[in-house]
Amino acid sequence: MKRVGIIGGMGSLASVDLYKKIVSLTPAKCDQDHILITIDNNAKIPDRSAYIFRKDESVQNPLPFLIDSVKRLENSGCDGFCIACNTAHFFADELVKYTKMKFLNMPQITTKNIKNSYPNAKKVAVIATIGTRKTGIYNKFLDELGLESIEISNQIEQNIMDCIYKGVKAGRIDEYKEIFRDSIKKIEADVFIAACTEIPILMQYLDDDSKFVDATNELAKEVVEFANS
């Protein structure tokens, strides 16, 4: 069995959500059947969106913190690693230079599975932070598969940011679940990607039949498969 590392802390609740899904998806009949996981819950990693769209040079670069996490995971004996934050994948190409571990790329894994699960889908809504959307972390993989990433209005985009930062990250989910539900209803797409690790925590409050693909869940499935390979 291979050991898998998780760079967490972005935020900590999202890291818990990923780990919980990994455990739930593992075909284990006893404690010893569960896969080997090391979580580096590095809550001191600076905000990724704030750095990517920084207006001054005082904003800290998350990359050195992410590199530290990669090294700790490799030193702990991990064979592969993943990141429990979508926006942090902006730094993925740099991170892999510092390790021999296999990188399990959440956007790539998710888009590939959308193509397989929804062969007739054309328009995809990436529900994420502004950082994830504007940097095109998902778009490059969607483009390769012939899928269109639809535009979202500035107001809906800001509503989703508030749900993520003022809602989930701040521990005030109940106050923002209605805003999240109303915002999703206004978006027309064949498939929605929960492309922020906080979004799955809000998905339970949706009351429509939106076809949501949980990127965290897709990553969790890949982690289990890799660990048992």
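In strand β4, K102 is the bridge partner of G80. Strands here are DSSP runs of E with at least two residues, helices are runs of H or I with at least four, and both are numbered from the N terminus. This is a predicted model, where local features need pLDDT of at least 70, side-chain atom pairs count only at pLDDT 80 or more, and totals for chains, interfaces and linings use all residues. Residues are numbered from 1 along each chain as its sequence is written, and side-chain values use heavy atoms, with hydrogens and water left out.

Start with the sheet that holds β4. G80 belongs to β3, on the buried list below. β3 and β4 (residues 102–103) pair in the parallel sense over two bridges. Two strands pair if DSSP finds at least two bridges between them. F81 has a partner in β4 too: F103.

Now step back to the whole sheet. It is open, has four strands and runs in the order β2-β1-β3-β4, with parallel pairing. β2 and β4 stand at the edges with a single partner strand each, so one side of each has no neighbour in the sheet.

Buried means under 20% relative accessible area, exposed means over 50%, and partly exposed lies in between, with a 1.4 Å probe and protein chains only. β1 runs parallel to β2 (residues 36–41), and six bridges join them. How does the chain get from β1 to β2? It crosses through helix α1 (residues 12–25), and this β-α-β crossover is right-handed. Right-handed means that, with the strands pointing away from the viewer, the path from the first strand over the helix to the second runs clockwise.

β1 also pairs with β3. Four bridges join β1 to β3 (residues 80–83), and the two run parallel. I6 has C82 as its bridge partner in β3. I7 stands opposite I83. Is β3 buried or exposed on its two faces? Both faces are covered: G80 and C82 on one side, F81 and I83 on the other, are all buried.

G11 lies in the loop between β1 and α1. A cis peptide bond joins M10 to G11, with omega about -5°. K44 lies in the loop between β2 and α2. K44 counts as exposed, because its relative accessibility is 68%. Between K44 and S153 there are 109 residues in sequence and 32 Å in space, C-alpha to C-alpha.

β7 (residues 191–194) and β8 pair in the parallel sense over three bridges. A194 has D214 as its bridge partner in β8.

Next comes the empty space. Rolling a probe the size of a water molecule over the atoms shows where such space is left. On a 1 Å grid over the protein atoms alone, a cavity is a set of points where a 1.4 Å probe fits but cannot get out; a pocket is an open set with protein on both sides within 12 Å along at least five of seven lines; lining residues have an atom within 4 Å of a point. Grid points are joined across faces, edges and corners, and a volume is the space filled by probe spheres set on the points.

The structure holds one cavity of 30 Å³ or more. The largest cavity has about 70 Å³ of space. Its lining counts 13 residues, and R48, C85, T87, T129 and K169 lie nearest its centre. α2 (48–52) and α8 (154–168) each supply at least two residues of that lining. Domain 1 (4–105 + 217–228) and domain 2 (107–215) each give at least three. These bounds come from an automatic or database domain assignment.

The largest pocket has about 200 Å³ of space. Among its lining residues are H89, F90, D93, F103, T135 and K140. α4 (92–95) and α7 (139–144) are the elements that give two or more residues to this lining. The pocket, too, draws at least three lining residues from each of domain 1 and domain 2.
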